[in-house]
Amino acid sequence: MSPEQDCRQCGRCCEKWGWGQKGIPEDLVPWIRAGRQDILRHVGITFTNRKRCNGTALSLADLPRVRRIDYWINPKGGALSYCPFYFRADDGKVYCRIHDTKPAVCIGFTPWNEGIRDYALNCPACRNIAP
């Protein structure tokens, strides 16, 4: 990313795309190993037998049976329409409460991607410039 594209932490990415995303089993491994129930409780799991649960009871041995992973859910059921780890500080910047272990879909997000070009035009970091 060029200096013109340094994230300004405006939060637009997380506000628009920080929920309703699909996960991968590799995201779950560090959360399970570290006992990150605070994260796993917001992860929707669908197994190959179509049984559903949140990630709190998940073990590494369960991962081969995971068919689908949904970010983010209410621990009591139902999808969230926001990221539960999104935080706007008093300085106006947006921070991720799980930045050091956020899922691949968040790490790999690129607002200048042609598939979401209309959105990238509103990103203050992109400035209408592709990397």
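Analyst: Sorted by class, the residues lining the second largest pocket comprise eight nonpolar, four polar and four charged ones. This is a predicted model, and in it the second largest pocket has a volume of about 200 Å³. Its lining is made up of 16 residues, of which Gly44, Arg52, Asp70, Ile73 and Ala79 are the closest to the centre, while the elements contributing two or more residues to that lining are β1 (21–22), β2 (43–47), β3 (52–54) and β4.

Turning to the rings, the model has four aromatic pairs. One of them joins tryptophan 31 and tryptophan 72 in a tilted arrangement, with 6.2 Å from centre to centre and 35 degrees between the planes. This pair connects distant parts of the chain, since tryptophan 31 belongs to helix α2 (residues 25–33) and tryptophan 72 to the loop between β4 (66–71) and β5 (86–88), 41 residues apart. Tryptophan 72 also pairs with phenylalanine 85, and because their ring centres are 5.1 Å apart and their planes stand at 75 degrees, that pair is edge-to-face. Both tryptophan 72 and phenylalanine 85 lie in the loop between β4 and β5, so their pair ties together parts that are 13 residues apart in sequence.

As to burial, tryptophan 31 and tryptophan 72 are both buried, the latter with a relative accessible area of 2%, and phenylalanine 85, at 7% relative accessibility, likewise counts as buried. Taken together, ring pairs link Trp31, Tyr71, Trp72 and Phe85 into a cluster.

Note on methods:
Residues numbered from 1 in each chain as written. Predicted model: local features only at pLDDT ≥ 70, side-chain atom pairs only at ≥ 80, totals over all residues. Heavy atoms only, no water. Phe/Tyr/Trp six-rings, centres within 6.5 Å; stacked < 30°, edge-to-face > 60°. Helix = DSSP H or I, 4+ residues; strand = E, 2+ residues; numbered from the N terminus. Buried < 20%, exposed > 50% of the residue type's maximum accessible area, 1.4 Å probe, protein only. 1 Å grid on protein atoms, 1.4 Å probe; cavity = no way out; pocket = protein on both sides within 12 Å on 5 of 7 lines; lining within 4 Å. Points joined across faces, edges and corners; volume = space filled by probe spheres on them. Nonpolar A, V, L, I, M, F, W, Y, C, P; charged D, E, K, R; others polar.
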